[in-house]
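Here is a short briefing on a predicted model.

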Amino acid sequence: MNFQLTEEHLAVQAAAREFAQTELLPGVIERDEHQKFPAEQIKKMGELGFLGMMVDPKYNGGGMDTISYVLAMEEISKVDASASVVMSVNNSLVCWGLEKYGNEEQKQKYLTRLATGEIIGAFCLSEPEAGSDATSQRTTAEDKGDYYLLNGTKNWITNGSTASVYLVIAQTDVAKGHRGINALIVERGMEGFQIGPKENKLGIRGSDTHSLMFTDVKVPKENRIGEDGFGFKFAMSTLAGGRIGIAAQALGIASGAYELAVKYSKERKAFGVEIAKHQAIQFKLADMATNIEAARLLCLQAAHDKDMHQDYGKSGAMAKLFASKVAMDTTIEAVQVHGGYGFVKEYHVERLMRDAKITQIYEGTSEIQKIVISRELLK
Ligand code: CAA
């Protein structure tokens, strides 16, 4: 067992930290307040290779391992979780799904541009009545010979109005249940494809979340990913890796809040000394640091499993379940350490607390992670 990061890992981590501190930190409070998508920053992330980190270089990706991805996600999420969700969806749902299951033509047409951030992607599974119960897809993709006729609504879609490529999960044959579901590549601008209003969210307010409406959209058959009926397995398999990205996002939110709490506690004085000298604060910091370290180990374990081509469904779910709870607990305590200053926007921790909540909800709620974990345990 070797807990040492390689030179390459440390370099990726340092580059992500530098980018987050210099490019994402300025303006992050205003972007949150005004729900402004970090368009310029995302463009730069693409140029630096953060949007297609694990994609094979032959498709313009960074060819990096999942550990590098986790390290970069943590650093970016410490500062701006709205930017890191774009990074997570593009890397681990859209690029990974296309690279793993798309055909060569699809990879050349879409992946080569998604990997550089020239365009970004969205993953469209959730519906008004199908969130956790993902097999209950109401969106239909009727087989019309050489195309599918797509009808329905998708909800809470990250990158909803900024993506160019949408991986849409839809039911083709209801009688076959989840084995009658397909995954289709839908391009922005296809006739009948409408983008709904932007959601006004509690957290990750800089991210671009919309509902999407499809009315008789003709999607060519060559845009189906995998065999007929593979769509649900495509979604589940892709989400299994996506959960490692969200776990790393949660880890970053927690460690960002912790670092701010440490800094503040060394500066702020109460009862004649820095508050870091009070045991009440020391114990909070000790709990935060211990939980964060445990969350980090779970994230790295899941990433290592994926890199070693071992099963990572359970370890990814455990990482997400635990890290998202740590994100919530740590950010609440970080606000507490800051006292009244923690309750106002300038000190960043209240935003991190609001951002933490979504990590317990998207890419499978904490309750869904427990289902995934317990099914593996009881196999
Ligand atoms: N890889 C491949 N196939 C898988 C799989 C995996 N990891 N997990 C399940 N499957 C397959 C099963 O083998 C099964 O196929 P067979 O019957 O042919 O064997 C099929 O999928 C159905 O599986 P289940 O019977 O287990 O299905 P279920 O109805 O009991 O549901 C569930 C399972 C785990 C609850 C699933 O519905 C689930 O994960 N729900 C949560 C959905 C979710 O994570 N949504 C997030 C939205 S995306 C998002 O948030 C992105 C964003 O923008 C940030």
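**A helix pair and a ligand site**

Helix H4 (residues 66-79) packs with H5 at an angle of about 155°, and their axes lie 7 Å apart. Angles over 145 degrees count as roughly antiparallel, so H4 is roughly antiparallel to H5.

**Where H4 meets H5**

- From H4, the contact takes in Tyr69, Ala72, Met73, Ile76, Ser77 and Val79.
- From H5, the partners are Ala81, Ala83, Ser84, Met87, Ser88, Asn91 and Ser92.
- By class, the residues of this contact are 8 nonpolar and 5 polar, with no charged ones.

**The shell around the ligand**

- The ligand is surrounded by 24 residues.
- The closest are Ser132, Thr158, Arg179, Arg243 and Arg375.
- Three helices each supply at least two residues of the shell: H5 (81-101), H7 (231-267) and H11 (366-377).
- H7 gives the most, with 6 residues.
- The shell divides into 11 nonpolar, 8 polar and 5 charged residues.

**Polar contacts and burial**

- Arg375 has a polar side-chain atom 2.5 Å from an oxygen atom of the ligand.
- For Thr158, a polar side-chain atom lies 2.8 Å from a ligand oxygen atom.
- For Arg179, the distance from a polar side-chain atom to an oxygen atom of the ligand is 2.9 Å.
- How much of the ligand does the protein bury? Taken alone, the ligand exposes 1100 Å², and the protein buries 73% of that.

Definitions and conventions:
Residues numbered from 1 in each chain as written. Predicted model: local features only at pLDDT ≥ 70, side-chain atom pairs only at ≥ 80, totals over all residues. Heavy atoms only, no water. Near = heavy atom within 4 Å. Polar contact = N/O pair within 3.5 Å; in protein donor to acceptor, adjacent residues only side chain to side chain. Areas by Shrake-Rupley, 256 points an atom, 1.4 Å probe, with all protein chains shown as cover. Helix = DSSP H or I, 4+ residues; strand = E, 2+ residues; numbered from the N terminus. Nonpolar A, V, L, I, M, F, W, Y, C, P; charged D, E, K, R; others polar. Axes fitted to C-alpha atoms, helices over the stretch in contact; angles between N-to-C directions. Parallel < 35°, antiparallel > 145°, perpendicular 65-115°, else oblique. Contact = heavy atoms within 4.5 Å.
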